[in-house]
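Colleague: I am new to reading protein models. Could you take me through some features, one at a time?

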Amino acid sequence: MPKTLPRGSACLACRRKKTRCDGSKPICGNCVKSGGLECVYDDEARQSVRRMTKLRAYEERIRDLEMELQNIKLGNNTDIQGSSPGTSNTPLNIASSSWPKDFPPRDMALYLINIFYSCAPFASSDISKTNFESRLMHLPANSPQFPSGALCHAIFATAYQHLPNKTPGDKHSALAMQKMSDPGSGPGLMFVLERILAAIILSQHLHAIDNKSELYIPAIFAARGVVAFSLNHDNDYPSKWFLKEPKSDLEAEERRRLYFKAYIIDQLYSSDTGISPNVLHEDHIFTPLPCPQKVYQSSTHTSTIPKSTEYVHSPVFFLQNSSDGLSLLIKATILLGRVNIWHMRGFYDAKAANLSSPSQLPSFIELDTLIQVFRQAFPQEYSDPVRIDEQGLDVDNLAAHMVAVECMLSLHRVFKNEPLSQSRLLFFSRVAVNSVYRIKATSYDTTRLPSFLLMTYSKAASVLIDAYVQARTIHDEAAYIENELLAIGDLFQSMSKHIPAAATCLGALEDKAVKAGLQNFSQMLSGETLSLPQELVVPVSQQPTSNWISLDTTTTATAFDDYDLLSGASFTITDENRWLNNTGNTDSFDSFLSI
C-alpha cells in the first residue's frame with residue numbers, strides 16, 4: 001500500500017490532475033509514466049521565486065553602487081563626453097523600465113550607432129564611439145552621465161537617413177529638436193554642452209534632408225550656445241564665469257572642437273542660404289585651432305595634448321599650415337566668412353570711392369590673392385583634395401579644398417562678365433570637377449560625404465553651364481564641358497540615394513542643362529556609366545577677354561582642358577601653383593607639360 005504523504009507534499013502535476021502522488025524525487029511515479037516533464041515540487045518553486053527575488057535585489061544594489069561610484073567620479077567634471085563608466089566590455093542587464101521609452105530598442109539603438117559612425121564621418125568625428133556606447137548601454141537613464149536625449153535622437157535621426165526606411169528619422173529629428181531646447185532635460189554643464197553638440201549634428205542632418213526651413217533653429221542654437229559658454233576664448237580667459245576650467249587636456253580639446261564645428265556650420269549655413277551676417281565672427285575667436293585628429297582620437301583624460309600655436313590673429317595664419325584637414329577646413333571657412341562680409345560691404349565701398357564695380361576695389365584683389373596663397377600653402381601631404389589614409393577618404397581635407405574653391409566661386413560669381421572673374425570661375429570650377437573624377441576613381445560611397453559640399457559642386461555646375469552656352473559652336477570644347485557636367489550630375493545622383501538635398505541639386509542642374517541646350521541631359525545621365533576622360537582634343541586658351549571661351553583651335557593636347565587642367569588625374573595644389581605661375585606666358589602650356 002502506497003505511503004500517505006504529508007499535506008502539500010505532492011508534486012504540482014499530481015495536484016492538478018488530482019491523482020495520488022508517491023512523492024518520489026526527482027520524478028514521481030505518475031510523472032515517469034507521462035514523461036516526467038512537469039514534475040515540480042512546491043518547495044522547489046518557492047526556492048526558484050526566492051532565487052529570482054535575491055537576483056533582483058542584487059541587481060538593484062549593483063545599480064545603486066554604480067550610481068554612487070559615478071557620482072563620486074563626476075564631482076566637478078564638466079567634460080562633453082564624460083568618463084567611461086566601468087571597465088566591463090559587457091553592458092549590465094539593466095531593467096527595461098530604465099531605458100527611455102522614446103528610444104529604439106537596445107539592439108536597434110546599437111545598430112543605429114554603428115550606422116552613424118560608419119556613414120556620417122564628418123558628424124561623428126568628435127564623439128568617441130567607445131565612450132558613447134559605454135555610457136548609453138551601461139548606465140541607467142537617470143544617471144547624470146547617461147548621454148543627453150537630444151544627442152541620442154540627433155544620432156538616431158542621422159542614422160535613419162542612411163537606411164531604406166527613413167521615416168523614423170523624422171520622429172527622432174523632432175525629438176532632438178524638442179529635447180535640445182528643453183531646459184529640464186538634464187542636469188549639469190556636460191548635459192548642456194552635449195545639447196550644443198546635438199544641435200551641430202542635427203544641423204547637418206536637416207541640411208542633408210533639405211529641410212532648410214528648420215535648419216536655422218539648431219544652427220543658431222549651436223552658435224549662440226558656444227558664445228554663451230565663452231568657448232571662443234582660451235582656457236585662461238578670466239571672465240569665463242559660467243564655465244569651470246577643464247579638468248584635462250582632452251576636455252579642453254573637446255570644448256575647442258565644439259566651438260569650431262559650430263563656427264563651420266554657422267558660416268556654411270549663412271553662405272548657402274544667403275542670410276548674412278552670420279552669428280559667429282573671426283574677430284571674436286581667441287582660442288587656438290584644435291589639435292590634429294589622430295592625436296585627439298588616441299587621447300584619454302590622462303593624456304598630455306600639446307596645444308596648437310595657430311591663432312586666427314596671427315599674421316601667418318593662412319600662410320603656414322602645419323596641422324591636418326580639420327584645421328585647413330576651419331581656415332577655409334574663415335576665408336569664406338571674409339568673402340561673405342566683403343560682398344555685404346563691397347557695394348557701399350565702391351559707391352563711396354566712385355568706382356563702377358566693387359571688383360575694382362583693392363580689397364577685392366587682396367582677397368582673391370589671399371585665397372590663392374592659402375591654397376598654395378597647403379602642406380604637401382594634404383595638397384591632393386582626395387587624400388586616402390589608413391582610415392579611408394580624408395573627408396576633412398576634401399571639405400577644406402572644396403570650401404576654398406567655394407571662396408573663389410562666391411567671390412567672383414557676381415562679376416562673371418568680367419575677364420578676371422571668368423578666368424577664376426572656370427578654372428576653380430574645373431578644380432571641383434577634378435575632385436569628382438578622383439572620388440569616382442576610389443569607389444568611395446558618396447552618400448557619406450557631408451552635404452555642404454553640394455554647395456560648391458552646384459556653383460561649379462552653374463559656371464560650366466554658362467561656359468557651355470558660349471562653347472556650343474566649338475564641338476570639342478562643348479563635348480568636354482558636357483562630360484564635366486555629366487560627372488557632377490552623376491555625383492548628385494549617387495549622393496541622392498541617402499541625401500535628399502543632392503536630388504534637389506540634380507533637379508536644378510537638369511533644368512539649367514535643358515535651358516542651355518542639353519535637351520537629352522537626363523537621359524544621358526541615367527543611361528551612361530561615366531568614366532574618366534581618356535583622349536580628348538582640347539584647345540589651349542589664351543587669357544579670356546570678354547568671353548568665357550577664347551581659343552586657339554590649332555593646338556591640341558591629351559585630356560587637358562583650355563586652362564591646362566588635367567581632369568581625371570591627380571591635380572594637386574602644387575600643380576595649381578605651377579599653372580598660376582605660368583599664366584600670361586606664351587609658352588605656358590608647354591612649360592606646364594614639362595614640369
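Colleague: Where does Ser443 lie?

Modeller: Ser443 lies in the loop between α16 and α17. Bear in mind that this is a predicted model.

Colleague: Is Ser443 buried or exposed?

Modeller: Look at the relative accessible area. Exposed means over 50%. Ser443 has 67%, so Ser443 is exposed.

Colleague: What should I look for in the backbone there?

Modeller: Check phi. Most residues other than glycine have a negative phi. Ser443 is not a glycine, yet its phi is positive, about 60°.

Colleague: Which residue just after α13 takes a positive phi?

Modeller: Asn354 does, with a phi of about 60°. Asn354 is a residue other than glycine, too. Its place is the loop between α13 and α14 (362–376). Its relative accessibility is 70%, so Asn354 counts as exposed.

Colleague: Now helices. How do I check the length of α13?

Modeller: Count residues, then predict the span. Helix α13 covers residues 325–352, which is 28 residues. At 1.5 Å a residue, α13 should span 40 Å. The end C-alpha atoms of α13 are 40 Å apart, which agrees.

Colleague: Where does α13 bend?

Modeller: At Arg345, by about 40°.

Colleague: How does the same check go for α17?

Modeller: Helix α17 has 19 residues, so at 1.5 Å a residue it should span 27 Å. Its end C-alpha atoms are 27 Å apart, which agrees.

Colleague: How many of the 19 residues of α17 are buried?

Modeller: 15 of them, and α17 is therefore mostly covered; buried means under 20% relative accessible area.

Colleague: Next, aromatic rings. What numbers describe a pair?

Modeller: A pair of aromatic rings is described by the distance of the centres and the angle of the planes. This structure holds 14 aromatic pairs. Take Phe122 and Phe452. Their ring centres are 5.3 Å apart and their planes stand at 75°, so the pair is edge-to-face.

Colleague: Which parts does the pair of Phe122 and Phe452 tie together?

Modeller: Phe122 lies in helix α5 (residues 121–124). Phe452 lies in the loop between α16 (419–442) and α17 (453–471). The pair therefore ties together parts that are 330 residues apart in sequence.

Colleague: Are Phe122 and Phe452 buried or exposed?

Modeller: Phe122 is buried, and Phe452 is buried as well. Now look at Tyr259 and Phe260. These two form an edge-to-face aromatic pair, with 5.3 Å from centre to centre and 75° between the planes. Both Tyr259 and Phe260 are buried.

Colleague: Which residues form one aromatic cluster?

Modeller: Trp99, Phe103, Phe146 and Phe156.

Colleague: What lies over the face of Phe122?

Modeller: Lys261 does, at 4.3 Å from the ring centre. Here is another case. The charged end of Lys331 sits over the ring of Phe317, 4.8 Å from the centre of that ring.

Colleague: Where is Lys331, and what does Lys331 touch?

Modeller: Lys331 lies in helix α13. Leave out residues up to four places away in sequence. Lys331 then touches Leu289, Glu310, Phe317, Phe318, Gln320, Asn321 and Phe374.

Colleague: Why does Lys331 count as buried?

Modeller: Its relative accessibility is 1%, so Lys331 counts as buried.

Colleague: Where is Asn211 found?

Modeller: Asn211 is in the loop between α9 (188–208) and α10 (212–228). Its side chain makes a polar contact with the side chain of Glu214, at 3.3 Å. Asn211 and Pro500 are 289 residues apart in sequence, and their C-alpha atoms are 9.2 Å apart in space.

Colleague: And how should I read Pro6?

Modeller: Pro6 is in the segment before α1 (12–17). Its relative accessible area is 56%, so Pro6 is exposed. Pro6 and Gly23 are 17 residues apart along the chain, with 9.7 Å between their C-alpha atoms.

Colleague: Last, the whole chain. How many helices and strands come up?

Modeller: The protein chain has 22 helices and four strands. Of its 595 residues, 53% count as buried. Now take contacts between residues at least 6 apart in sequence. Among those contacts, 69% join residues at least 24 apart.

Methods:
Residues numbered from 1 in each chain as written. Predicted model: local features only at pLDDT ≥ 70, side-chain atom pairs only at ≥ 80, totals over all residues. Heavy atoms only, no water. Helix = DSSP H or I, 4+ residues; strand = E, 2+ residues; numbered from the N terminus. Polar contact = N/O pair within 3.5 Å; in protein donor to acceptor, adjacent residues only side chain to side chain. Phe/Tyr/Trp six-rings, centres within 6.5 Å; stacked < 30°, edge-to-face > 60°. Buried < 20%, exposed > 50% of the residue type's maximum accessible area, 1.4 Å probe, protein only. Lys NZ or Arg CZ within 6 Å of the ring centre and 35° of its normal. Expected span 1.5 Å × (residues − 1). Bend = angle between axes of the 7 residues up to and from the residue. Contact = heavy atoms within 4.5 Å.
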